[in-house]
Amino acid sequence: MRTDIGGQAVIEGVMMKGKNFYSVAVRKLDNTIAVDIQKSCSLLNKNKFFRLPIIRGMIVFAESLIVGTKTLSYSADVFGEGDDEEETKFEIWLRDKFGQKGEKFLMGMTLAFSFALSIIIFMLLPMWISQFFRPWIESSFILNLIEGAIRIGIFLLYMKLVSNMKDIKRTFEYHGAEHKTINCLEQDIELTVENVRECTRLHKSCGTSFLFIVMVVSILVFSVFTTENIWFRTGVRIVMVPVISGISYELIRWARKNPDSKLANLVSKPGMWLQREFTTLEPDDYQIEVAILAVNAVIEKEDSMNARY
């Protein structure tokens with residue numbers, strides 16, 4: 001079973017990532033499909049330390065954010081080719097001020113802002129809200145449980161609101177195409193539109209499952225820190241995000257490699273439910289075609305590189 005390929009839905013397309021390369025396939029406005037293949041220089045390939053359990057999860061999490069932002073930017077540019085929309089004053093200033101580095105600067109700022117906003121909404125806000133219960137609840141452990149419940153509630157509300165947006169629904173259809181294609185690949189079935197169509201759109205190692213596992217793991221990790229100092233509690237929630245992501249990655253990785261395990265299926269159930277209810281939709285054949293092109297492109301590159309060594 002091949003489990004070395006992962007993916008992500010982008011704007012009108014799919015990104016597929018292997019060990020050494022990633023590819024992005026995007027259906028353009030003229031209905032043609034653009035495919036871009038890039039070298040993936042992961043820290044996991046540079047030192048054994050980075051491949052240690054939990055550490056590797058932290059690395060994968062950080063690199064996924066970077067690659068995800070790059071591929072989303074690329075897909076937006078490719079899909080919008082031919083659109084005569086004028087540049088904004090900020091875009092003109094950025095191009096004049098930084099030249100070709102302007103896009104990288106903007107991408108870095110976008111990534112930093114998105115990450116900071118996610119930390120505030122999903123990590124700090126639940127903790128701040130839980131403090132309103134402190135006059136009636138003295139136990140820090142109980143407050144951590146309340147904080148976790150609030151965190152999961154905010155996450156589910158966010159998923160519900162996002163899933164009702166028209167443009168996001170298109171992305172969720174490509175998300176379904178990505179999962180179907182990977183499931184077909186992992187079952188060693190020929191990658192054709194007909195075969196992929198019959199596969200499930202749910203997958204145990206989906207980013208949605210990862211995010212939900214993060215919510216649960218954070219409850220357990222934060223329960224270790226029982227201080228009442230609000231500033232210390234805030235600092236802990238920021239500093240421990242990479243560690244929580246590393247632990248969550250190990251759980252997701254284990255579940256993917258043990259598909260017949262009842263415990264793995266139990267761990268995966270909440271994430272699978274979220275995929276079914278919110279973050280994946282059934283794709284059409286045109287979207288499946290895009291996903292197949294993306295995965296074939298990266299497999300061809302990976303296999304070609306492996307054949308040389």
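Predicted model: local features only at pLDDT ≥ 70, side-chain atom pairs only at ≥ 80, totals over all residues.
Good morning. Residues are numbered from 1 along each chain as its sequence is written, and side-chain values use heavy atoms, with hydrogens and water left out.

I begin with the chain as a whole. Its secondary structure comes to 11 helices and 4 strands; here helices (H or I, at least four residues) and strands (E, at least two) are DSSP runs, numbered from the N terminus. The chain has 309 residues, and 42% of them count as buried, where buried means under 20% relative accessible area, exposed means over 50%, and partly exposed lies in between, with a 1.4 Å probe and protein chains only. Among contacts in the chain with a separation of 6 or more, 68% come from residues 24 or more positions apart. Contact means heavy atoms within 4.5 Å.

I turn now to helix α7, residues 207-222, and its packing against helix α4, residues 140-163. The two axes come within 9 Å and cross at roughly 165°. Axes are lines fitted to C-alpha atoms, for helices over the stretch in contact, and angles run from 0 to 180 degrees between N-to-C directions. The angle makes α4 roughly antiparallel to α7. For this classification, angles under 35 degrees count as roughly parallel, over 145 as roughly antiparallel, 65 to 115 as roughly perpendicular, and the rest as oblique. The crossing of α4 past α7 is right-handed; a crossing has that hand if the near helix is turned clockwise from the far one by less than a right angle, and is left-handed if anticlockwise.

Which residues of α4 and α7 make the contact? On α4 they are Asn 144, Leu 145, Glu 147, Gly 148, Arg 151, Ile 152 and Phe 155, and on α7 they are Leu 211, Phe 212, Met 215, Ser 218, Ile 219 and Phe 222. Sorted by class, the contact of α4 with α7 has 8 nonpolar, 3 polar and 2 charged residues. Ala, Val, Leu, Ile, Met, Phe, Trp, Tyr, Cys and Pro count as nonpolar, Asp, Glu, Lys and Arg as charged, and the others, Gly among them, as polar.

Also in α4 is Phe 141, which counts as partly exposed at 43% relative accessibility. Its C-alpha atom is separated by 8.3 Å from that of Val 224, 83 residues apart along the chain.

Helix α7 also packs against helix α9, residues 241-257, at an angle of about 125°, with the axes 9 Å apart. That makes α7 oblique to α9, and α7 passes α9 in a right-handed crossing. From α7, Ser 209, Phe 210, Ile 213, Val 214, Val 217, Ser 218, Val 221 and Phe 222 meet Ile 244, Ser 245, Ile 247, Ser 248, Tyr 249, Leu 251 and Ile 252 of α9. This contact of α7 with α9 has 11 nonpolar, 4 polar and no charged residues.

Is Ser 248 buried or exposed? Ser 248 is buried, with a relative accessible area of 0%. Leaving aside neighbours within four places in sequence, Ser 248 is in contact with Phe 210, Ile 213, Val 214 and Val 217. Other buried residues of α9 include Glu 250 and Arg 256.

Next comes helix α5, residues 166-186. Its 21 residues should span 30 Å at 1.5 Å a residue, and the end C-alpha atoms are 31 Å apart, which agrees; the expected span is 1.5 Å times one less than the number of residues. Helix α5 is mostly covered, as 15 of its 21 residues are buried. Leu 185, found in α5, counts as buried at 11% relative accessibility. The C-alpha atoms of Leu 185 and Val 295, 110 residues apart along the chain, are separated by 8.9 Å. After α5 comes Asp 188, with a positive phi near 55°.

Glu 12, in the loop between β1 (6-10) and β2 (13-17), has a positive phi of about 50° although it is not a glycine. Glu 12 is buried, at 14% relative accessible area. Asn 31, in the loop between β3 (21-27) and β4 (33-39), has a positive phi of about 80°, again without being a glycine. Asn 31 is partly exposed, with a relative accessible area of 45%.
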